[in-house]
Amino acid sequence: MKKKKMQACVSVLGIAFIVGAPIAVSLPPEVSAGTPCCTVTTVNVKTGIVTAKNTATGETFKFRLVKAAQIGNIKVGDQVSTDFQTRQVTVHSFQPAEGILMRTPRPRPPIR
């Protein structure tokens, strides 16, 4: 009896692997840190927090620079690269940022 249950489990897991592997491979990868996906929308010089918007999804996020003195080098419209899995941010033209502090999903459209 135990042998039949084991064979059934192995069969189910094998089928799940065969079906799931192509799906996992076909999913699009996260935007890499080298590809600009976002633009700076606001720069708060007092707090040192920069807000950027993902141009594809409309999602906004906030980050802080590693060196606070460089906040003057960032302006609205600057290109930003992100890796949302590792929460790393790079502002193009110079230095990586400290990381994503907060993400805000894009607003949902109104229901009609």
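Predicted model: local features only at pLDDT ≥ 70, side-chain atom pairs only at ≥ 80, totals over all residues.
Reader: Which face of strand E5 is covered, and which is uncovered?

Author: In a regular strand, side chains alternate between the two faces of the sheet. In strand E5, residues 88-91, Val89 and Val91 form the covered face, while Gln88 and Thr90 lie on the uncovered one.

Reader: In what sense does strand E4 pair with E5?

Author: Strand E4, residues 79-83, pairs with E5 in the antiparallel sense, over four bridges. Within this pairing, the bridge partner of Thr82 is Val89. The hairpin has four residues between the strands, and Arg87 takes a positive phi near 65° there.

Reader: Which residues does Phe61 contact, leaving aside neighbours within four places in sequence?

Author: Its contacts include Val80, Thr82 and Val89. Cys38, Val50, Ile100 and Met102 are also among them.

Reader: Where is the salt bridge, and are its two residues buried or exposed?

Author: The count comes to one salt bridge. The side chains of Lys75 and Asp78 meet in it, at 3.1 Å from N to O. Lys75 counts as exposed because its relative accessibility is 53%, and exposed means over 50%. Asp78 counts as buried because its value is 10%, and buried means under 20%.

How values were computed: Residues numbered from 1 in each chain as written. Heavy atoms only, no water. Buried < 20%, exposed > 50% of the residue type's maximum accessible area, 1.4 Å probe, protein only. Helix = DSSP H or I, 4+ residues; strand = E, 2+ residues; numbered from the N terminus. Pairing = 2+ DSSP bridges. Salt bridge = Lys/Arg side-chain N within 4 Å of Asp/Glu carboxyl O. Contact = heavy atoms within 4.5 Å.
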